[in-house]
Amino acid sequence: MDILTNFIGGQQAAPANGQYLDNIEPATGQVYGQIPDSDKQDVDAAIAAAQRAFPAWRKIDAERRADILMAIAYGIEARLDELAEAEARDNGKPVSLARTVDIPRAATNFKFFAQASSQFSSESHGSTDTAINYTLRQPIGIVGCISPWNLPLYLFTWKIAPALAAGNCVLAKPSEVTPKTASILAEICQQAGLPDGVLNVLHGTGARVGAAICQHPQVKAISFTGGTVTGASIARTVAPEFKKLSLELGGKNPAIIFADCDFDNTVEQVFRACFANQGQICLCASRLYIEHSIYDRFKQALVDKAAALSPGDPLLPETQMGAMVSEPHMNKVKHYIRQAIDDGGQLLVGGEQVTVTGRCEQGYFLQPTIFEGLDNTAVCNQQEIFGPVVTLQPFDTEAQALALANDSDYGLASTVWTADLARAHRMAEQLETGIVWVNCWLLRDLRTPFGGMKQSGAGREGGLEAMRFFTEPRNVCIKYG
Ligand code: NAD
């Protein structure tokens, strides 16, 4: 049995209340570990450690800070195999995906922000002949980073790295569903020379330890990635305290496929956008709008690919589709499949739970699932399913495609597939999403603003946006003469 601890003030620490939660491997349905069910007492201890660490960390030489963050990146790379297997076991994702995407990206997050910490500069405004203004950008102090289960270490480090790079001390809470790689990261940070108390990792539920982090008066900013309902609840908690808040929330992402697209490449990329990580990426496409003249051909190509993809043991290197993250989440996705059928949707492929023989017989596996025939107002075209379930709708004109795509409470990411450059620009300008990918999906440059509009969040992560979020600007005005 793998029993995890919190990481507070550079020490492994059991939860003060002595209580633990089970950690279940979704591919087998079996309990294989336990994690602290931490509460306010552990948050208080972490705050005390962070308060002790902050004065020295905020003043540390920028080059030394960058060296430590870079050493963390190398530490992640050195433990690639172990981290990839831990991620696959905790989350159900194929180990090949964890090894090629999740874990390398976690290392890149630290490299990127190590460089940012040594190169971050602030503004000056020498605009009049009476005075010059310059902006100090100072660390905020103690900040909270709360992340979800779908890209566990990838998103955990995407928050922690800029927070540390900007000179803050961090209380970080990984999802209770996928806790393991966060504990390994704590070890790596210590070995890399991160001073005690600068990063504190607290395990447990959102309602208990997550809420306690958000409520603590010494936590001055919260960076949160997760569901929209949770984000709204955190916003209600922190708004009266005027804490800085960054929210990366759910999505219902449209893919708009025009008849002039590069057909084979588009099928390939859109299929990946629909089903990568079992459809459990906030950026996954879930509403596919296909121009009428290629609708039947495109549909058939997707259905053929989906029929050929069957889930398997995430720990096997050849597996391309793994398990759903948990039984409750699988049941939620199954509920949406039933809803789509009740609403008159035609099931083109999938729709069933799958038994994977051998050690994974009790695991939570679903087939890739495609529906057509659902109106844009149908529940499955409006609510986030967050699983391997997508819907197809035909369109005739660009204006119609745009209207359908924008008819959503969410606004995270969209993709446009066309050879017409002018049309791509027109669509990009009018799509109500924080990210528009043209003829690609999930092609990332970490310098770009990342985040959503509408119910998909508030604020942006990435590059300078993140460094600005994790610093407090102070303007200084100096009169000449
Ligand atoms: P979730 O909202 O249930 O949980 C996310 C994290 O918040 C977990 O660590 C959880 O323990 C914690 N939490 C829950 N309640 C809390 C509270 N009251 N106070 C403080 N913390 C609390 O989300 P999830 O199910 O883990 O993740 C799936 C969701 O995340 C999906 O909606 C997905 O779209 C979204 N997501 C968004 C992005 C993005 O960048 N926009 C990226 C990945 C995932």
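Two strands pair if DSSP finds at least two bridges between them, and the strands (E, at least two residues) and helices (H or I, at least four residues) are themselves DSSP runs, numbered from the N terminus. This is a predicted model, in which local features need pLDDT of at least 70 and side-chain atom pairs count only at pLDDT 80 or more, while totals for chains, interfaces and linings use all residues. Residues are numbered from 1 along each chain as its sequence is written, and side-chain values use heavy atoms, with hydrogens and water left out.

**The sheet**

Three strands form an open sheet in the order E1-E5-E4, with mixed pairing. Strand E1 (2–3) and strand E4 (20–25) stand at the edges with a single partner strand each, so one side of each is left without a neighbour in the sheet. E1 pairs with E5 in the parallel sense over two bridges, and Ile3 stands opposite Gln34 in E5. E4 and strand E5 (residues 30–36) pair in the antiparallel sense over six bridges; Asp22 stands opposite Gln34 in E5, and the bridge partner of Asn23 in E5 is Gly33. E4 and E5 form a hairpin with four residues between them, and Gly29 in the turn has a positive phi of about 75°.

**The ligand site**

The ligand is surrounded by 29 residues, where a residue counts as near if one of its heavy atoms lies within 4 Å of the molecule; the closest are Ser147, Glu176, Thr230, Leu249 and Glu384. By type, the shell divides into 14 nonpolar, eleven polar and four charged residues, with Gly counted among the polar ones.

| Residue | Protein atom | Distance to a ligand oxygen atom |
|---|---|---|
| Ser147 | backbone N or O | 2.8 Å |
| Gly226 | polar backbone atom | 3.3 Å |
| Thr230 | polar side-chain atom | 2.6 Å |

Taken alone the ligand exposes 860 Å², and the protein buries 87% of that, with accessible areas from the Shrake-Rupley method and a 1.4 Å probe. The elements that give two or more residues to the shell around the ligand are helix H7 (206–215), strand E11 (219–225) and helix H8 (228–238); H7 gives the most, with four residues.

Notes: Polar contact = N/O pair within 3.5 Å; in protein donor to acceptor, adjacent residues only side chain to side chain.
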